[in-house]
Amino acid sequence: MNNIMIMLCYTIFRTKWGYFGLTGTDEGICRTFLPGLQRQEIEQKMREGRRSSNDNFRWDKDFQHDLQEQIMAYYEGEPVDFSRDPAVDLNGSHPFARRVLQACRKIAFGRTTTYSDLARQVGSPRAARAVGSVMAGNPIPLIIPCHRVLRTDSGLGGFSAPGGTAIKQKMLRHEQAGSTHHTSKRPS
């Protein structure tokens with residue numbers, strides 16, 4: 001029997017779009033909650049989503065403070081790159097899901113790809129629907145930018161975060177405006 005206690009830290013903070021929630025361990029971020037819920041709803045979902053009864057679950061206002069600053073900057077329109085930092089904890093994910101999530105994480109700010117292209121990238125060209133299922137269950141939205149994955153016909157596909165596809169579309173437009181705005185500021 002495994003009696004190791006895992007310390008889960010969490011924080012909820014305000015962004016320009018509303019409250020954002022983070023949960024993580026020493027290994028990395030294991031869960032995020034996009035703005036769209038009330039603070040109490042995010043905290044309740046965090047508590048429900050604990051990995052096991054052996055988890056210590058502790059509020060820490062300053063948990064991943066630098067990451068909080070980056071997330072707030074993202075919602076202000078800054079082109080924040082989450083592709084390498086912070087560390088993410090995908091323990092417990094199926095190997096296929098882990099490959100898909102890691103590939104998705106590399107999609108740059110302001111860019112998109114398709115479920116089919118992502119399936120090809122992970123060596124499973126016929127698994128577009130399975131990729132869609134992985135995206136629907138993405139435990140770390142924004143850090144792993146599942147909102148940047150579209151249908152082959154450029155349709156939005158689904159989005160399981162609060163607000164559904166309307167929020168997905170808002171995030172994509174937000175990123176397009178941010179990447180255009182920051183590109184035009186660069187000196188020639």
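**Exercise 1. Work out how the axes of helices H3 and H5 are arranged, and which residues meet where the two helices touch.**

Step 1. Helices here are DSSP runs of H or I with at least four residues, strands are runs of E with at least two, and both are numbered from the N terminus. The axes of H3 (residues 95–105) and H5 come within 10 Å and cross at roughly 75°, where an axis is a line fitted to C-alpha atoms over the stretch in contact and angles run from 0 to 180 degrees between N-to-C directions.

Step 2. Angles under 35 degrees count as roughly parallel, over 145 as roughly antiparallel, 65 to 115 as roughly perpendicular and the rest as oblique; H3 and H5 are therefore roughly perpendicular to each other.

Step 3. With contact taken as heavy atoms within 4.5 Å, Phe96, Ala97, Val100, Leu101 and Cys104 of H3 meet Ala130, Val131, Val134 and Met135 of H5. By class, this contact has 9 nonpolar, no polar and no charged residues, where Ala, Val, Leu, Ile, Met, Phe, Trp, Tyr, Cys and Pro count as nonpolar, Asp, Glu, Lys and Arg as charged, and the others, Gly among them, as polar.

The model is predicted, with local features requiring pLDDT of at least 70 and side-chain atom pairs pLDDT 80 or more, while totals for chains, interfaces and linings use all residues. Residues are numbered from 1 along each chain as its sequence is written, and side-chain values use heavy atoms, leaving out hydrogens and water.

**Exercise 2. Classify the ring pair of tyrosine 10 and phenylalanine 57, and locate its two members.**

Step 1. Rings of Phe, Tyr and Trp (its six-membered ring) pair if their centres lie within 6.5 Å, and planes under 30 degrees apart count as stacked, over 60 as edge-to-face and the rest as tilted; the structure holds 7 such aromatic pairs.

Step 2. The ring centres of tyrosine 10 and phenylalanine 57 are 4.5 Å apart and their planes are at 10°, so the pair is stacked.

Step 3. Tyrosine 10 belongs to strand E1 (residues 6–15) and phenylalanine 57 to strand E4 (residues 55–59), so that the pair, 47 residues apart, links distant parts of the chain.

**Exercise 3. Describe the backbone at proline 86 and at glutamine 64.**

Step 1. Most residues other than glycine have a negative phi, and most peptide bonds are trans.

Step 2. Aspartate 85 and proline 86 are joined by a cis peptide bond, with omega about 15°, and proline 86 lies in the loop between helix H2 (65–75) and H3.

Step 3. Glutamine 64, in the loop between E4 and H2, has a positive phi near 50°.
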